Amino acid sequence: MRHRKLLARAAAPLIACAMLLGACAAGDQQPAPTQTPAATAAASVPTAALAPATVPAVTSPTADQTPTPQLDIPTVPPTITAAPTATPFPLQAGWWDDAVCYEIFVRSFYDSDGDGIGDLNGLIQKLDYINDGDPKTARDLGATCIWLMPIMPSPSYHGYDVTDYYAVNPQYGTSDDFKRLVAEAHRRGIKVLIDLVLNHTSREHPWFQEALTDPASPHRDWYVWSKDNPGYAGPDGQQVWHKSPLRDEYYYGVFSDAMPDLNYRTPAVTEEARKISLFWREQMGVDGFRLDAVRHLVENGRRQVDTRETHAWLRDFQAFLDKESPGAYTIGEIFGGSGDTLGAYYPDQLDMYFEFQIGKTLVPAADYGAVDALRRAIQVAGQNLPFQRWAPFLTNHDQNRVMGSFGGDPAKAKIAATALLSLPGLPFVYYGEEIGMVGDKPDEQIRTPMQWSGSDGGGFSAGAPWEPLPPSYAQVNVAAQERDPGSLLNTYRRMIQLHTSSPALAHGSLALASASNAKVLAFVRQAGDSAVLVVLNFDEAAADGVTISLDRSELAPATYQARPLLGKDAGAPLAVGDGGAIAGYAPLPSLGPRTGYLFALTR
C-alpha cells in the first residue's frame, strides 16, 4: 500500500464532515445566482451533502406591483469548506518511476479483420512494435505503458459518450479480447491504462433514457435537471442547458446535448463510479485510469470548473482506490491546465496530472528557439507539483498534430522529442508522433489510422480505412523509417530507451543551468549515482563556444567525465565546485543546429 499517500489523505474525513454540515468557507462564497444545477437525493455518503433544496417557482407580489415570475430552477448549493492543505509527498516507488506511456486510439491503430476499423486483436499483433519485452532488442519503441482512448460501447466514433461502462465496444472486440490484450501487454512489461469517462454519459445510455422518459425513475437524480432554462453559458461560452425532447424541461451537459453530465451530488452516482473502477481493475486487469475532464465533475452554480466540490470528490475517489485497489494508477486531464492550475489538485487527489503548458512551450522552442517560455514552464511545474507528479507531452488527441506546427521538418521534431524524453515527469507520446504523422482539426483528421507502410491503406487495413489517411503516408510511415538510422522513429526509440534505463532521466532531480546562448537549454538530472547533463540547442544554426553555468545542484564537488549517451563526441571534463556549482563549462566547441546532447557524468 502507498502508506505515505494514505497518511497524506488522512484529512479526507474532515472534508466529509464539512460537506455533511453544508459548511461554507468565510470569504469564498460565490454571489448567489438565480440559476444552478441541483439534486434531490438523500444523503448517505459525503457527496450527498452537496445536494441543495429548491426554490419556489414565483414570488408574492406587493399591493402596488404586478407579479414578477421567477425561473423554476434549483438554488445555489453552499460552497463546502476547503480541505486542509496536505503536505506534498512522493508516490511510493512503482512502475511509473521509469515509464514512458504511448497513447493509442484503438480504432486507428491496426485492423485485424479488414473491416476498416482498428481492433483489440490488431493491437495485440502490434504490441511488439511498442515493446517486445526484450531489452536487448532495438526495433521496438520501448514504451512501458499504453493509454487506450475509450474502448467502451458508444454511438460515436471517438467513444467519449459511453452507453455501457461494463463492456467493450463490439467494433473493437470482446471482453475476452481485452483480457488477452492485458495479458499479452503484461507479458512484455507494458502497463495498461484506460480512459475512464465519469463526467458524463451518452444521452443513449439506459440511465439517461430512463431518467428522460420517467421523472419518477431511480436514475432521475443521476443527471441535472431544471424546469426552466437557467440561461447561463458554460466555461467556454458554450450552451450547457439543453431542451428535453420529451417535455418542457432542461438538462445540463457541459460538452454537448449528446453528453449529459452525471450528478455527483447524488450518492448513488459516486457508488457506481467506484463499482466501475473496481470492475476494470479486478475483472479486466487494467493498471490504472486516465480520468477524462475532471475539472468539470461537480458544478457549483455558475462556477463550472475547478470547484471545491470537484476537489473533494476526487480526493474521496482516490482514497477509495488506495484502500480497495492499492497500486491503481490515476492521471487526470485538467485540459489547458498549467502548473499553477494543477497545484490546486495536488497532492492528494490523483497520482499525476497532464502538464499542458510544457507542450505548449516546448513546441515553439523547437520551432523557432523560444526557450525562455519553456524554461519558465518547467520551473512552474516543478514548484507547484514537486516529486515529478506530472506528465509532459507534445500534443494529444485533442490538438493538431505537432508535425504540422513544424512544417514537416524532422529536425524540429527530433529536438522536441529529445527534450520531451529528457525532462522530468512521466512522458506521454501520441501514436504516430514518433514517425511525424500530420493532421489538423476537425478531430477525425488528428486521429487518422496509423501509417505502417506506403501500401494501399497505409498497412493499417486490408479494407477501406474508417478515415482516409493523409497523402503523406506514402513517404511517412514505419516501414520507411525503420531502414533509416537517422529517422525520427529511431530518435524516439533511442530516447525512450534512455529514459526508461537511466534513473537520472526517469525520476532524477532537475537543476536548470544558464547558457551563454539564449537558444540553448541545459540542465542536470540526477538520481543517486546516475547523473546526466542535457544540452539542447534549439537554434536553426550551429552554436559555437556555448558555456553553461549552474549555481547549485546535487552533484558532489569533483571532476566528471562526460560520456556521450546521445551524440558521438564526449564532452570536455566537467569541474563541479562546492554545492554542485558549475561555472563557464563548454561541453563541446560547437553544438549542431537543432541538436540535443546527453552526457553521462562519471567520476
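Biologist: How many residues does helix α11 have, and what is its reach from first C-alpha to last?

Modeller: In this predicted model, helix α11 covers residues 356-368, which is 13 residues. At 1.5 Å a residue, a span of 18 Å is expected. The reach from the first C-alpha to the last is close to that value, at 19 Å.

Biologist: Which elements are included in what covers the buried residues of α11?

Modeller: The buried residues of α11 include Phe356, Ile358, Leu362 and Val363. Among the elements that cover the buried residues are the strands β9 (352-354) and β10 (390-391). The cover also includes the helices α12 (371-384), α13 (402-405) and α14 (410-420).

Biologist: Which backbone nitrogen does a side-chain oxygen of Glu355 reach at the start of α11?

Modeller: Glu355 provides a side-chain oxygen at the start of the helix.

Biologist: Which residue follows α11, and what is its phi?

Modeller: The residue that follows α11 is Gly369. The phi of Gly369 is positive, near 80°.

Biologist: Is Ser487 buried or exposed?

Modeller: Ser487 is placed in the loop between α15 (478-482) and α16 (488-501). A residue counts as buried under 20% relative accessible area. Because its relative accessibility is 5%, Ser487 counts as buried.

Biologist: From which residue does a backbone oxygen lie 2.9 Å from a polar side-chain atom of Ser487?

Modeller: Leaving aside neighbours within four places in sequence, Ser487 is in contact with Lys414 and Gln481. The backbone oxygen at 2.9 Å from the polar side-chain atom of Ser487 belongs to Gln481.

Biologist: How many aromatic pairs does the count give, and how far apart in the chain are Phe109 and Tyr431?

Modeller: The count comes to 33 aromatic pairs. One of them is formed by Phe109 and Tyr431, edge-to-face, with 6.4 Å centre to centre and 85° between the planes. Phe109 is in helix α3 (residues 106-109), and Tyr431 is in the loop between β11 (428-430) and α15. The pair therefore links distant parts of the chain, 322 residues apart.

Biologist: Are Phe109 and Tyr431 buried or exposed?

Modeller: The cut-off for buried is under 20% relative accessible area. Phe109 has 1% relative accessibility, and Tyr431 has 0%. Phe109 therefore counts as buried, and Tyr431 likewise counts as buried.

Biologist: Over the faces of which rings does Lys126 lie?

Modeller: Tyr110 and Trp452 belong to one aromatic cluster, which also includes Phe109 and Tyr431. Lys126 is 4.8 Å from the ring centre of Tyr110 and 4.1 Å from that of Trp452. The rings in question are those of Tyr110 and Trp452.

Key:
Residues numbered from 1 in each chain as written. Predicted model: local features only at pLDDT ≥ 70, side-chain atom pairs only at ≥ 80, totals over all residues. Heavy atoms only, no water. Helix = DSSP H or I, 4+ residues; strand = E, 2+ residues; numbered from the N terminus. Expected span 1.5 Å × (residues − 1). Buried < 20%, exposed > 50% of the residue type's maximum accessible area, 1.4 Å probe, protein only. Contact = heavy atoms within 4.5 Å. Polar contact = N/O pair within 3.5 Å; in protein donor to acceptor, adjacent residues only side chain to side chain. Phe/Tyr/Trp six-rings, centres within 6.5 Å; stacked < 30°, edge-to-face > 60°. Lys NZ or Arg CZ within 6 Å of the ring centre and 35° of its normal.
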